[in-house]
Amino acid sequence: MAEGDNKSANLLAQETAQLEEQLQGWGEVILAGDQVLRWEKPWFPGALLGATTVLFMLIYYLDPSVLTGVSCSVMILCLADYLVPTLAPRVFGSNKWTTEQQQRFHEICGNLVRSQHSVAGWWKRLFTLKEEKPKMYFLSVISSLVVVAWIGQQVHNLFLTYLIVSFLLLLPGLNQHGIITKYAGMVKREINKLLKQKEKKNE
């Protein structure tokens, strides 16, 4: 068991080091984005929502076709991939990196690798469920897709995308400031109260 844990830890460290090397040119931008996503200043959440709202209002106003939207998105990514590693050191000054910043960059890359492993793990579990319990797999997948299709039919697709993107952008800050834990605890307490009341009635 310990040997397996060591192999897993070594693999994680190796993949984290590789990702750090690949993202080195984006380091300053990633650190700046991390500060915004974790709400290190009180006005960051409003700025995130404002920027997201402006972007989606622009998309709504321009109403591009799917092909145009995909082409523009890929073009922006290509330009960013070319320009950011060149301009970021001049704008942020990579020679001013502190030990704390380097450590935070290492933590971010480690979190990204762990997230990738989690997604791969869920994907493997889904295929395991398909092989071991095909009926449950079929019912779960079909039910989930029906619910998603119904939601997509009830809510405008652009507005639904806006809500999802806004939530994902705010999620790190909500988690960092303990807001999710707070409200999850409140919901759990309310559920426990309801269950206790039900038990008393049954008695």
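The paragraphs below go through the salt bridges of this predicted model. Residues are numbered from 1 along each chain as its sequence is written, local features need pLDDT of at least 70, and side-chain atom pairs count only at pLDDT 80 or more, while totals for chains, interfaces and linings use all residues. Side-chain values use heavy atoms, with hydrogens and water left out.

Side chains of opposite charge can pair when their charged atoms come close. Here a salt bridge is a side-chain nitrogen of Lys or Arg within 4 Å of a carboxyl oxygen of Asp or Glu. Searching the whole structure gives five salt bridges.

One of them joins arginine 38 to aspartate 34, with 2.9 Å between the closest N and O atoms. Arginine 38 is buried at 18% relative accessible area, and aspartate 34 is buried at 10% (buried is under 20% relative accessible area, exposed over 50%, partly exposed in between, with a 1.4 Å probe and protein chains only).

Asp34 and Arg38 belong to a salt-bridge network that also links Glu40, Arg104 and Glu107. Within it, glutamate 107 and arginine 104 pair at 3.0 Å, N to O. Both lie in helix α5 (residues 99-132), three residues apart, about one turn of the helix; helices are DSSP runs of H or I with at least four residues, and strands are runs of E with at least two, numbered from the N terminus. Glutamate 107 is partly exposed, at 33% relative accessibility.

Another salt bridge pairs glutamate 190 with lysine 193, at 3.8 Å from N to O. These two residues are three apart in helix α8 (residues 179-202), so about one helical turn separates them. Glutamate 190 is partly exposed at 45% relative accessibility, and lysine 193 is partly exposed at 47%.
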